[in-house]
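Hi,

Here is the structure I promised to hand over. My notes on it follow below.

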Amino acid sequence: MTHAQPTIPLFPLSGHVLPGGTMRLRIFEPRYVRMVKEACNGNSCSPIGLCMLNEDGDVASNTHIHPIGTKVTIVDFEQLPDGLLGITVAGNELFRIVDIQVQDDGLRVGEIEPIGAWSALPLSANDKYIADQLNAVYQAYPELAIEAAPELWQRADWVALRWLELLPIAATAKQELLQAPTADAALEFLRDLMDASQEYDS
C-alpha cells in the first residue's frame, strides 16, 4: 500500500532561503496573498514551500521550479509603506518535489518528500575564515544579517547554508550541493571560491 505524499503550496523565487535562515518578502500577487491567508488561517501558520526558479525551465510544464525547496514558516507580518503585505519566513527543512498541481488562480501545490538535514559539523580552525567572511558580509549589509546563537557560528553546516543563500551562483549549482548527504561538498566549494577570490585580489 502506498501512502500519499504531503502537499504544500509552492512559492518560486529568485532569492533563496535554506534551513536556519530567514527572509523578508513582499506579497502582491493575488495567488500568493491567498496562500498566506490560508496558511495562517488558524492558531499557527502552516508551512509553505519556497523554491528556486529554473531559468531554463518551462512554466507550462512546471519545470521552471527546481525540485529541491525549503519548507518555511511565516513568523511575522507587516503592512509595507506601499500598502503591500510583508512577511518574514524562517527556513525549517529541505524537501524534494514529487509532483506539482496548478490551481485555478495559478498557485502551484506540490507533493513533497523530506530531505535529511546535514548533520552538525564543527567548523575547523582552518575554515574559520569562511565564517569570518560571512560575518563581514553581514556587517556590510545588515539587512541580510541573521540573528543566531554564538554556537551556530561554530558549525560548518550552518555557515555553509548561509553562504549558499547569499552567493550569486546558478541555482542548479546550489541544487547539486544541497543534494549531497553532508556539508562537505559545499565547504569544498566555498574554500575553492574564496581561495580564487583571494588570488584575484592579490
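This is a predicted model: local features need pLDDT of at least 70, side-chain atom pairs count only at pLDDT 80 or more; totals for chains, interfaces and linings use all residues.

How much space lies in the largest cavity? About 60 Å³. Residues are numbered from 1 along each chain as its sequence is written, and side-chain values use heavy atoms, with hydrogens and water left out.

A cavity is a set of points on a 1 Å grid over the protein atoms alone where a 1.4 Å probe fits but cannot get out, a pocket is an open set with protein on both sides within 12 Å along at least five of seven lines, and lining residues have an atom within 4 Å of a point. The count comes to 1 cavity of 30 Å³ or more. Its lining includes Leu-13, His-16, Cys-51 and Ile-68, and divides into 7 nonpolar, 4 polar and no charged residues.

The largest pocket has a volume of about 420 Å³. Of its 18 lining residues, His-16, Thr-22, Met-23, Arg-24 and Leu-144 lie nearest the centre. E2 gives the most to this lining, with 4 residues.

Then there's helix H2 (residues 128-140). Ile-130, Ala-131, Leu-134 and Tyr-138 are buried there (under 20% relative accessible area with a 1.4 Å probe, protein chains only; exposed is over 50%). They cover an arc of only 95° around the axis, so they sit on the same side of H2. Gln-139 and Ala-140, on the other side, are exposed.

Cheers

Note on methods
Helices (H or I, at least four residues) and strands (E, at least two) are DSSP runs, numbered from the N terminus. The expected span of a helix is 1.5 Å times one less than its number of residues. The arc is that of the directions from the helix axis to the C-beta atoms. Grid points are joined across faces, edges and corners, and a volume is the space filled by probe spheres set on the points. Ala, Val, Leu, Ile, Met, Phe, Trp, Tyr, Cys and Pro count as nonpolar, Asp, Glu, Lys and Arg as charged, and the others, Gly among them, as polar.
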